[in-house]
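The entries follow the order in which I looked things up.

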Amino acid sequence: DEALVDLVAHQPRVCRHMHIPLQSGCDTVLARMARPYNTAFYRELISRLHRADPAIGLGADVMVGFPGETDDEFEITRRFIEEIPLSYLHVFTYSPRPGTPAADMPGQVEHQVKLARNHVLRDLSEAKRTAFANSMLGTVLQTVVERPVPDRCGILQGTTDNYLRVELAAPEALRGTIQPVHISEAQGESLRGRLPA
């Protein structure tokens, strides 16, 4: 929907961040989950948001080990996530809940296999977070200044409008305000910045 893309990408009162559940990057798994969308729809939505604003933060929920998920289906999911411009993942491991349709489905995935798949996607998420943070170097991001960094006198922490953490030298009086922060350094998925001179 163009209105949604415009709202998130271009309206200054709205944060440039969306968390859009994916659950799986494999159409056969999505069908077993009875999800009302497929990967083509999801890819197009994420791509439109990214084209409208490459600095938008885009997150997704992903579940591993849904009943029947094969090694090939998991690999399809991994590749799909790798290819699209998500900036982070929340990765969940399927566990059966009595009384749900999935609990009685055939092909329950072994616990150790689910854990291994979880680790693969968490590593991918970390790589995406780091790449996204690095892409912000040299930019100015609107940031909510929130709290002091423990054991670092005069350093406060904040959250940018595209959902990144940033540390900056700032007076306590700025806590709770929105400030433009020039991003000067990235260490992993953490940013450091400074207030304009």
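I began with strand β2 (residues 57-64), which pairs with β3 in the parallel sense over six bridges; strands are DSSP runs of E, at least two residues, and helices runs of H or I, at least four, numbered from the N terminus. I took two strands as paired if DSSP finds at least two bridges between them. I noted that M63 has F92 in β3 as its bridge partner.

I then looked up helix α3 (residues 39-52), which packs on the sheet and touches β1 and β2, where contact means heavy atoms within 4.5 Å. The direction of α3 makes about 160° with that of β2; axes are lines fitted to C-alpha atoms, for helices over the stretch in contact, and angles run from 0 to 180 degrees between N-to-C directions. Helix α5 (residues 111-134) touches β2 and β3, and its direction makes about 170° with that of β3.

I recorded that this is a predicted model, in which local features need pLDDT of at least 70, side-chain atom pairs count only at pLDDT 80 or more, and totals for chains, interfaces and linings use all residues. Residues are numbered from 1 along each chain as its sequence is written, and side-chain values use heavy atoms, with hydrogens and water left out.

Strand β4 (residues 140-148) runs antiparallel to β5, joined by five bridges, and V144 stands opposite T159. In β6, T159 has R165 as its bridge partner.
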